Each structure stands twice: as structure tokens, then as C-alpha cells.
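Okay, thanks everyone, I'll keep this short. Have a look at the structure on the screen while I talk you through it.

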Amino acid sequence: RRTLPPIDLVVGGFPCQDYSVSRILSQAIGIKGSKGVLWWEIERFLRIARPRYLFLENVDRLLRSPAHQRGRDFGVMLGCLAALGYTVEWRVVNAADYGFAQRRRRTFIVGRRIEASSFGSPKGRPFDSPTDFLLRDGVLARALPAGAEAAVGTTRLPEDLVGLSDEFAFEFENAGVMHVRDVWTVKVAAQYGGPRQTLGEVLLDENDVAREYFVPRTQLKQWRYLKGAKSEARAAKTGFRYFYTEGPLSFPEPLDQPSRTILTGEGGSSPSRFKHVVRTPSGKYRRLTPVELERLNGFPDGWTDTGMPEGRRAFCMGNALVVGLVHRIARELASDAAVRAAA
């Protein structure tokens with residue numbers, strides 16, 4: 001049997017489809033779904049590798065999964081990490097709240113292996129104030145300053161993971177910490193006073209955009225229909241009749257605000273409700289280029305220009321994270337590790 005060298009940090013995610021808002025609630029079956037179950041591969045690797053730190057991410061709906069037993073899946077994950085000896089903090093973050101050019105919400109999870117009976121901040125404080133940790137001392141609190149909007153809620157995770165899976169339900173807020181199965185959670189709001197980037201600031205000059213990205217006039221009616229509000233009777237292939245409704249999306253996209261979330265289906269020229277369309281200074285309508293999608297996630301221009309077709313480049317950006325946000329968290333993780341190594 002091969003042994004692993006000491007590992008400081010495990011970074012990763014697990015497929016989000018079984019938790020994602022892109023699915024209707026009845027289909028978001030969470031940790032028991034065909035892809036949601038891959039959480040157990042992360043758990044298995046953590047059990048083998050025993051890293052000092054872990055840094056994971058997923059969609060914001062993770063905290064409320066599955067629809068029929070809210071909080072069960074995240075409770076199971078926290079229970080697993082408690083059994084492996086980790087203290088865990090989490091935060092649901094909208095990148096635009098911290099000045100980035102895209103409204104992209106993700107759950108970030110940071111864990112530290114407990115190496116002593118008490119858990120402290122890098123400044124050496126014992127873990128005697130969960131509120132201070134959530135709002136000031138934790139890695140995520142330092143990386144992403146926020147203020148509490150409500151009182152801190154608490155619960156204790158059962159020892160039995162089977163019981164967690166079958167019975168556990170809890171309202172996890174958008175920030176929290178778990179230590180030795182005790183959970184504290186609170187709704188927070190970002191506190192950020194720095195510069196804010198907009199969609200308009202990442203756009204190329206229209207003269208530098210290839211013709212294929214411009215929307216033909218003959219397609220504008222279809223684009224407007226797909227983007228608009230709907231309230232209409234429809235029939236399924238089975239003959240079942242139902243009433244379909246959905247609200248409007250901006251057409252074109254406002255340039256003085258952060259963009260909507262990039263989705264994996266952003267590529268291709270066919271009309272779509274979810275693709276971004278902007279209006280140029282000359283009055284033309286066009287889709288976003290791969291370079292602009294890269295910029296919305298904070299990647300260097302041409303990062304995905306590896307020979308992939310345009311649609312695959314867009315798919316990659318729809319699956320990506322806003323890297324500036326990750327950098328802020330990573331910087332505090334590195335600081336935390338350095339202080340502890342010197343202690």
C-alpha cells in the first residue's frame with residue numbers, strides 16, 4: 001500500500017447539478033443523486049490524506065438541499081468532517097458584493113484539522129466566542145468582511161450519520177462555523193467599500209468583435225420573446241396541459257451593473273433566454289466573446305484559447321469561479337497557516 005506525503009491543503013469541489021438552482025426543486029435530490037454522491041469520494045480522500053486544511057466550494061443551494069428535508073445534506077457533510085476532526089467555517093458569497101463584475105453566488109467551505117483541545121484564531125484567542133469568529137477572526141471573516149443581520153442560531157449534530165441522513169433538518173444561514181459537532185450559523189451581509197466593476201468595463205470595443213457574435217436583425221424578435229415575461233398555456237408530449245409562467249430578463253444587459261451569472265450554455269449563436277446580449281454604442285446587439293467571459297471571472301485574456309471551439313470556452317467559464325474572490329480567501333488561508341507554523 002502506497003503512503004501519501006504530508007498534505008497541507010486539499011482544494012476542490014464536487015458536481016453541483018444535484019444541488020443546483022438550475023434544476024427544479026423536485027429534481028434537486030442532493031447527496032443521494034448520481035453526482036451528489038461524489039461527496040463521499042472527497043470524504044474518503046480526506047480520511048486517507050488527513051490534510052491540515054481543506055477548501056471546498058459548491059452552489060448556494062447546497063445549504064438547503066434536498067428540497068424535502070432542508071439542510072440534511074450539508075448536515076451530513078459537516079458530520080463527516082467533525083468525525084474526521086475538522087473545525088469548519090462556511091460562507092455563501094456573491095462575488096459582486098465584493099466589487100467583482102459578475103453576480104455569482106457560491107458556497108465556500110474552509111476546514112482546519114483540530115490539533116489541540118481548543119481552537120483559536122491566528123492571534124491565539126481560544127474559541128470562546130463563535131460570533132467573533134464568524135464576523136472577525138475566521139479565515140472567511142477576514143477575507144470577506146461582513147456584518148450580522150440576525151441573531152446567531154445554534155444546533156448540535158447527532159453522532160450517528162445515519163440518523164443525520166434519515167431525520168436531520170436544519171436552517172443553515174449563509175455563514176456559520178462547526179466545532180466538535182456544535183454548529184453556529186447567522187445571516188450576514190457583505191461589508192465592502194472598495195471599487196466596483198461593471199459589465200460595461202470588461203467589454204471589448206465593438207470594432208474588435210468578430211461578426212459572428214452580432215445578432216442578426218431577423219433573430220431579434222425570438223431573442224426578445226425568450227427574454228421576456230411569459231404566462232401561457234402549454235401541453236406536454238403526453239398530452240398533459242399546464243400553465244407556464246416566468247419573469248422577464250433584461251434585454252439588452254445593463255452595462256452599468258455587474259453581469260448576471262455566466263452559465264455553461266453561454267456559447268453558440270442560437271437565441272437563448274440565458275445567454276448575455278449587450279447593445280453596442282452603434283446600436284447593434286451582440287453576444288459576449290470568450291475573452292469577455294474570461295474577464296467576468298477574472299481570468300487573463302485568452303486563458304481558454306487552447307484550441308477549443310468557442311462553445312467549449314464558454315462552457316468552461318460557466319463552470320468557473322471568480323478567481324479574485326478565491327484569491328482573497330487563499331491569501332487568508334496562507335496567512336493562517338504561516339502564523340500557526342511559527343507559533
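So, the protein chain has 10 helices and 13 strands, and keep in mind that this is a predicted model. There are 343 residues in the chain, and 47% of them count as buried. If you take the contacts with a separation of 6 or more, 69% come from residues 24 or more positions apart.

Now let's zoom in on a pair of helices. Two packed helices are described by the angle between their axes and the distance between the axes. Here the pair is H1, residues 39-49, and H2, residues 72-83; they pack at an angle of about 10°, and their axes sit 11 Å apart. Anything under 35 degrees counts as roughly parallel, so that's what H1 is relative to H2. Who makes the contact? On the H1 side we've got Trp39, Trp40, Glu43 and Leu46, and H2 brings Val76, Met77, Cys80 and Leu81. Sort the residues of that contact by type and you get seven nonpolar, one charged and no polar.

Conventions:
Residues numbered from 1 in each chain as written. Predicted model: local features only at pLDDT ≥ 70, side-chain atom pairs only at ≥ 80, totals over all residues. Heavy atoms only, no water. Axes fitted to C-alpha atoms, helices over the stretch in contact; angles between N-to-C directions. Helix = DSSP H or I, 4+ residues; strand = E, 2+ residues; numbered from the N terminus. Parallel < 35°, antiparallel > 145°, perpendicular 65-115°, else oblique. Contact = heavy atoms within 4.5 Å. Nonpolar A, V, L, I, M, F, W, Y, C, P; charged D, E, K, R; others polar. Buried < 20%, exposed > 50% of the residue type's maximum accessible area, 1.4 Å probe, protein only.
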